[in-house]
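Hello,

As promised, here is the structure we talked about handing over.

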Amino acid sequence: MPAFPAAAREAVHDDTLRANLRHATHTIRDKRARAVTELADWDRLREAGRAVKDHTIRHLDHYLLRLEEAVTAAGGTVHWAADAAEANRIVTGLVLATGEREVVKVKSMATQEIGLNEALEAAGIAAYETDLAELIVQLGDDRPSHILVPAIHRNRGEIRDIFRTRMGDWGRPAPEDLDDTPAALAEAARLHLREKFLRAKVAVSGANFMVAETGTMVVLESEGNGRMCLTLPETLISVVGIEKVIPTFRDLEIFLQTLPRSSTAERMNPYTTMWTGLGPSKGADGDGPSAFHLVLLDNGRTDTLADEVGRQALRCIRCSACLNVCPVYERAGGHAYGSVYPGPIGAILSPQLRGTASEIDATLPYASTLCGACYEVCPVAIDIPEVLVHLRERVVQGGPVTREGLRVRIRPAAGHTAERAAMRAARLLLDHPGALRRAERVLARTRRFRPHRLPGAAGRAWTETRDLPPVPAESFRDWWTRERGGTR
Amino acid sequence: MSSKDRILARIRRAVPAGAVPPGAGPDAYADIPRDYLTVHGTRTAEERVDLLAANLAEYRAIVHRTDAEGLPQLLAHLLARRGAASVLVPPALPGAWLAATEATRVHDRADATAATPAALDRVDSVVTGCALAIAETGTIVLDGGPDQGRRRITLIPDHHICVIHVPGQVVDSIPQALPLLDPARPLTWISGPSATSDIELDRVEGVHGPRTLEVVLLTTGDAAQ
Ligand code: SF4
């Protein structure tokens, strides 16, 4: 995996990719702003969401045990997986035990994180992604580039070509005369996948929330592929990060308001499915699966929890709002982050889940301008810039961290890798005036939050010999445009 | 040591406060600020129903209004307009609702025609009631009650007609809806028909769920939930 600056440099020279990304992120960020303005209590919902998540992760042992108890009482089986390999082993074993050799999948970041599809393939099990964007990615032998719209980097022409050439290899081929209108492409996906849904015996999903009090699992989606997978197969296996638990059913009133508006900018996503174990009749009435397995995944989350500054990343509800406002993401694209979690959240989550030993993970904390836009839009108020600076300090200075539950001391990054990475990331923006202009504008709007000295070792080293310039109320470009009224 | 014990031990080392029960101490569950609104705006019952209708329509559901007398005719008309030859019927859908339609009734659970997903795929339409509806978000909630049937019957047919008693089954907001729902039941929240925005963020209605959602607001005058 190349380090972020190298991967990003390649990406910014891909004109199609940049055009696709710019169109998509701008559309969605404008819509989101409108959806949020509709709720006069947005700031209070955001604060409540932050507080619920913080409370839960401080008492994570308690809530996980409660959840296990509730799921078990409702007829489900709970498994605990310390790392990716263990989770893959558990899921593979459960699928093989059903005697089936194919599974349908609901889009899930957790299963991507652990490389489940590859593990299943190695065991002779075909895993079919059923989210339209995931299908595009899977058929195109590609990687997802966005949390919410994984094929955001593909335009309609590219999608038509992928469907035409590849669908036949996986099942029902695309119609001969398939054109590139979104309606025709969606129809082709519907027909291709329906035959899989109707015969599927095993499904694998993630979950957006798990309610400790009741054992209820919650999946939000739009297309209905989630409902298909969660309803029709006989066996349902859900792989969920331990940070997705919330205390009570009532707490959903916060997140069901903030998540859809932050992610797809809708008042509500078209479909939300909630299920509690096997239901009141324990799956005997043919409404939903007759076997339910929940795999609780650690895979670096408890190590993240051990870091007092970094643990706030565990609040993330994967809405992707931070990606859509990030000037670096917009130009570099999701693939440059070299992880299933791209954008600002990926820049703080991946190096914590995986450690900062690899070059890509050591450079991720620099994949940002610290403009603060990600913090502003985050519905659970994760201070991403704060964690970025904290992680930079860790990379540059080394120090104690927790890896696989053990306190270890990491050495400072070799040479000047980190500073070089920072400069390259900065150049990325400086070479591209549009992004810089937007970054400056956000910076101006958030200037009252800026410290006078940068925190962290890297920051201190910088401000020791330099004064951090005050951020002007208006960027120079904006001032120029206003004063010189379009005479540029 | 089992992975469960290992994970729990790591958590307890990472957050020593975790040893304190969540009901006590500085970060008690009860201390979570909940000064957000339980409803956004004040509405009369009529305005609430109008808002529900507007929000449903914005997400491309087709909204109709009628009363008990007009319902059988309306349902018969909607099914005929679709050319529906067969209609799925939940176990306790009021018999009078489908009194006027010619379409063949397929009874959920009772009929072999509804036994497998592939068989359900050959049914044209489905008519159900609902548990409640949320005006502010344009959402219908199904809980598998006797007038709604199993989850799969509102999923596989391409045409779903959902009847909502108004104003009785309509609440303003999500915070008002949750206390009325039983999490032990299978809950399906529906806001408009199936849709995707995965292709250049252009919204397309209808991928895997029903491509047409018709909502009938049935005036009963009964305000009780
Ligand atoms: S960090 Fe915040 S804004 Fe970004 S995906 Fe997570 S919840 Fe959304």
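Before the numbers, one term: buried area is the accessible area, taken with a 1.4 Å probe, that two parts lose on being put together, summed over both. Please also keep in mind that this is a predicted model.

Let me start with the interface. Chain A and chain B bury about 7,600 Å² between them, and carbon and sulfur atoms give 59% of that area. On the chain A side, A:Arg190, A:Arg227 and A:Arg267 supply 9% of what the chain buries against chain B, more than any other three residues. In terms of contacts, 95 residues of chain A meet 74 residues of chain B.

A:Arg194 forms a salt bridge with B:Asp121, with the closest N and O atoms 2.7 Å apart.

Now to the ligand. The space it takes up is the largest cavity. The residues surrounding the ligand include A:Cys316, A:Cys319, A:Cys322 and A:Cys378, along with A:Ile317, A:Arg318 and A:Ser320. By class, the shell around the ligand divides into 10 nonpolar residues, one polar and one charged.

Definitions and conventions: Residues numbered from 1 in each chain as written. Chains lettered and ligands numbered in written order. Predicted model: local features only at pLDDT ≥ 70, side-chain atom pairs only at ≥ 80, totals over all residues. Heavy atoms only, no water. Near = heavy atom within 4 Å. 1 Å grid on protein atoms, 1.4 Å probe; cavity = no way out; pocket = protein on both sides within 12 Å on 5 of 7 lines; lining within 4 Å. Sits in = over half its atoms within 2 Å of the grid points. Nonpolar A, V, L, I, M, F, W, Y, C, P; charged D, E, K, R; others polar. Contact = heavy atoms within 4.5 Å. Salt bridge = Lys/Arg side-chain N within 4 Å of Asp/Glu carboxyl O.
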